[in-house]
Amino acid sequence: VPVSAPFQASDCEKLGFEPKLFLRVLSGTRRTKHPKLRAVFVAREGDANPARVAVTLPRDIFLDQASISRVCTRVQFAAHECPPGSIYGYARAYTPLLDRPLEGPVYLRSSDNPLPDLVAALHGQVDIELDGRTDTVGGRIRNTFEAIPDVPVSAFVLTLRGGRSGLLINSHSLCPRRPRHHRRRHRKAPPLRAAAEIVAQNGKTANQSPKLRVPCRARQ
């Protein structure tokens, strides 16, 4: 029996919305290094679908100006002819609607905004272009995905590569300094945190301040 439109709207409004966002630096923690950064978005089964996700990085991490010049034009992107240098990462999306995840490269693509867009070109049983607008707020880098398709997403993983060709660069070391004398009392440095504004298709919000997990014990 077909479900009426009023019932669909009412049913959607009742859905909960409690996703989680996790951020982790995988390498490159020192000052002036290019960190490899992974963001993982996880949704609860049965919740409303996400509609908009905006993530603001800690002010210790910003865009490398040299990387911004290596972009794919919109003409090249439409023709599937983006240069390899415009690829800055990889993304994978999991949905219960498909047998396999959608996955593909993450590009910097030219836009009408002051900064280029961060675009995930996802391929699989269907192809999806996930556009992220890049800007700054309070001196911090923010990326906003504003037109997320209204489909259930169990998880979305985006990894930005590090190294010399990485998109991001550290203005300070991401690890707290060790005291010269281990017996000296010292305050533990507060963790670096991002800011996430997450909105569901039904209008509910799940804003968060996820901790940036950093491998400070390993050599970077």
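**View 1. Arg142 is found in strand 9 of this predicted model.** With a relative accessible area of 18%, Arg142 is buried, because the cut-off for that class is under 20%. The side chains of Arg142 and Asp135 are joined by a polar contact of 2.8 Å. Beyond its neighbours within four places in sequence, Arg142 is in contact with Ala54, Val55, Thr56, Arg133, Thr134, Asp135 and Val137.

**View 2. Strand 3 and strand 9 run antiparallel.** Four bridges join strand 3 to strand 9. Asn143 in strand 9 has Val55 standing opposite.

View 3. In general, strands of a sheet pair through backbone hydrogen bonds, either parallel or antiparallel.

**View 4. The second largest pocket holds about 660 Å³ of space.** Of the 37 residues that line this pocket, Leu130, Asn143, Phe145, Phe156 and Leu158 are the closest to its centre. Elements giving two or more residues to the lining include strand 1 (20-27), strand 2 (36-42), strand 3 (50-56), strand 8 (128-137) and strand 10 (155-160). Strand 9 supplies the largest share of the lining of the second largest pocket, four residues. By class, the lining of this pocket comprises 33 nonpolar, three polar and one charged residues.

Technical notes
Residues are numbered from 1 along each chain as its sequence is written. This is a predicted model: local features need pLDDT of at least 70, side-chain atom pairs count only at pLDDT 80 or more; totals for chains, interfaces and linings use all residues. Side-chain values use heavy atoms; hydrogens and water are left out. On a 1 Å grid over the protein atoms alone, a cavity is a set of points where a 1.4 Å probe fits but cannot get out, and a pocket is an open set with protein on both sides within 12 Å along at least five of seven lines; lining residues have an atom within 4 Å of a point. Grid points are joined across faces, edges and corners, and a volume is the space filled by probe spheres set on the points. Ala, Val, Leu, Ile, Met, Phe, Trp, Tyr, Cys and Pro count as nonpolar, Asp, Glu, Lys and Arg as charged, and the others, Gly among them, as polar. Two strands pair if DSSP finds at least two bridges between them. Buried means under 20% relative accessible area, exposed over 50%, partly exposed in between (1.4 Å probe, protein chains only). A polar contact is a pair of N or O atoms within 3.5 Å; within protein, one must be able to donate a hydrogen and the other to accept it, and residues adjacent in sequence count only if both atoms are side-chain atoms. Contact means heavy atoms within 4.5 Å.
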